[in-house]
Amino acid sequence: MAVGLAITSQNGQKNNGRVTLYVVLSCMMAAMGGVIFGYDIGITGGVTSMEPFLKKFFHEIYLQMKSDVKVSNYCKFNSQLLTSFTSSLYVAGFFTSFLASYVTRVFGRKPSIVAGGAAFLAGTALGGAAFNVYMLIVGRLLLGVGVGFANQAVPLYLSEMALPRFRGAINNGFQLSIGIGALSANLINYGTEKIKGGYGWRVSLAMAAVPASFLTLGALFLPETPNSLIQTSQDNQKAKLILQRIRGVEDVQAELDDLTKASSSTSKTIEQQSFKIILKRRYRPQLVMAIAIPFFQQVTGINVIAFYAPLLFRTLGLGESASLLSSVMTGIVGTGSTFISMLIVDKHGRRTLFIVGGIQMLVSQCIVGGIMAVHLKDHGGLSKGYAYMVLVMICIYVAGFGWSWGPLGWLVPSEIFPLEIRSAGQSITVAVSFLFTFVIAQTFLAMLCHFKSGIFFFFGGWVVVMTVFVYYFLPETKNVPLERMEKVWQEHWFWKGIVGKTNDSYDAL
């Protein structure tokens, strides 16, 4: 199982290599970190729509849903306690991302992945056995620790193991894994909702132990990336052996030279101050992207679908089972579109997918918002025809996200940083992602109650902003080796005016 490839390095030599079975299996195992993240996203939205779960932990919402017909369709599920259950994971993930940065840089990518799986496994046990809301939330916090480590380390691991020409496809495997996890959760929710006795939600939460166990045990057998070996131990010989194994060829000296140069003595001197160094002028473009891309990824509105799809479909008038089945449909669409992105991202590039996906999301959001504004009032539901039209538009929206901002929101930040600040840069990306995921998760139900159908136009406005941002400020990074990525900023119409004024000194501000 090999695909021949030659890559030109900085000095004009060629880095020989092919996609080996060893790399594919290693990356598939590492990408299980995405499965646990996706499973949690999908399972949360499902269990919070299950009546036995609401009756046990959120009784007030249960009573509103069952008997208080005076409550607006848009406000039935508005509860700070319910949103705290959903968003507590992202608070823990936000703070964990900085600890994970240190572990990933000092000890390597592999230990962070192991730590993430173990913490997620502990959180799963607490959630499945919860008998009060506080135990439930503590379990969520542990899940957040696990996801914080996994989201920090896995995208870096995938980018560093991949050949430059296939880096987009391999890294997009992380988002594909998130989609697979979410789809699996939606299918499980659809099945457990039918369990008599009202304990189906426990099965849904406890089943997260399956991917978490695979990740924790499997990560123990993962090879460390050559980049990390050079950075943490300066063991060039071991890094060369790993390179030879993952590239499937003996001649890896050119690629090893590039890695060694990237982790030169100057880089070693500054890496202990990587969070300070990343603020320097020479890294201004990367820092902007590390903040802007995860922020934009969250304000696409995808978490409206990811967290609350069943609740949203119930708002439209669908029943409990139909709402969960609709979530399965959107999960299938999202996973399929991410797979398509894997096939085309290294051919058509990041910018094209960002822009096309943005336009697709904007159009579908405007149509959904328009239908709800005209036909969904405070009481009563949509007609069956309009409800299905909304479902189709949401699927189109999910597809647009699935081949653009979903996978590329993880891919681009993981590939743009030089080695000496790569871990710090990724931690900023993860922290910003968790911060705004928390904000959206904590405020969406209240926003839905107050904005009503306008919530879709709110997120649509952000889609316009982010699409324009990508068009003007994001250079194309496809097929560029990680160790040569600084050139895309030096040649960009805007960023060259910033980085072009600096030299190789790390003193420049």
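**Salt bridges and burial in a predicted model**

Author: In this predicted model, Glu 160 has a relative accessibility of 3% and counts as buried.

Reader: Why is Glu 160 called buried?

Author: Buried means under 20% relative accessible area. Glu 160 is at 3%, so the term applies.

Reader: What makes Glu 160 and Arg 109 a salt bridge?

Author: The rule asks for a side-chain nitrogen of Lys or Arg within 4 Å of a carboxyl oxygen of Asp or Glu. The N to O distance here is 2.7 Å, so the pair qualifies. Glu 160 lies in helix H7 and Arg 109 in helix H6 (residues 109-129), so the bridge ties together parts that are 51 residues apart in sequence. Arg 109 has a relative accessible area of 0% and is therefore buried too.

Reader: Why is Asp 40 with Arg 140 called a salt bridge?

Author: The closest N and O atoms are 2.6 Å apart, and the limit is 4 Å, so the pair is a salt bridge. Asp 40 sits in helix H2 (residues 32-47) and Arg 140 in helix H7 (residues 133-161), 100 residues apart.

Reader: How do you know whether Asp 40 and Arg 140 are buried or exposed?

Author: Asp 40 is at 2% relative accessibility and Arg 140 at 4%. The cut-off for buried is under 20%, so both names fall under that term.

Reader: What makes Asp 346 buried?

Author: Its relative accessible area is 12%, which is under 20%, so Asp 346 is buried. Its side chain meets that of Arg 350 in a salt bridge of 3.1 Å, N to O. Salt bridges that share partners join Asp 346 and Arg 350 with Arg 167 and Glu 415 into one network.

Conventions
Residues numbered from 1 in each chain as written. Predicted model: local features only at pLDDT ≥ 70, side-chain atom pairs only at ≥ 80, totals over all residues. Heavy atoms only, no water. Helix = DSSP H or I, 4+ residues; strand = E, 2+ residues; numbered from the N terminus. Buried < 20%, exposed > 50% of the residue type's maximum accessible area, 1.4 Å probe, protein only.
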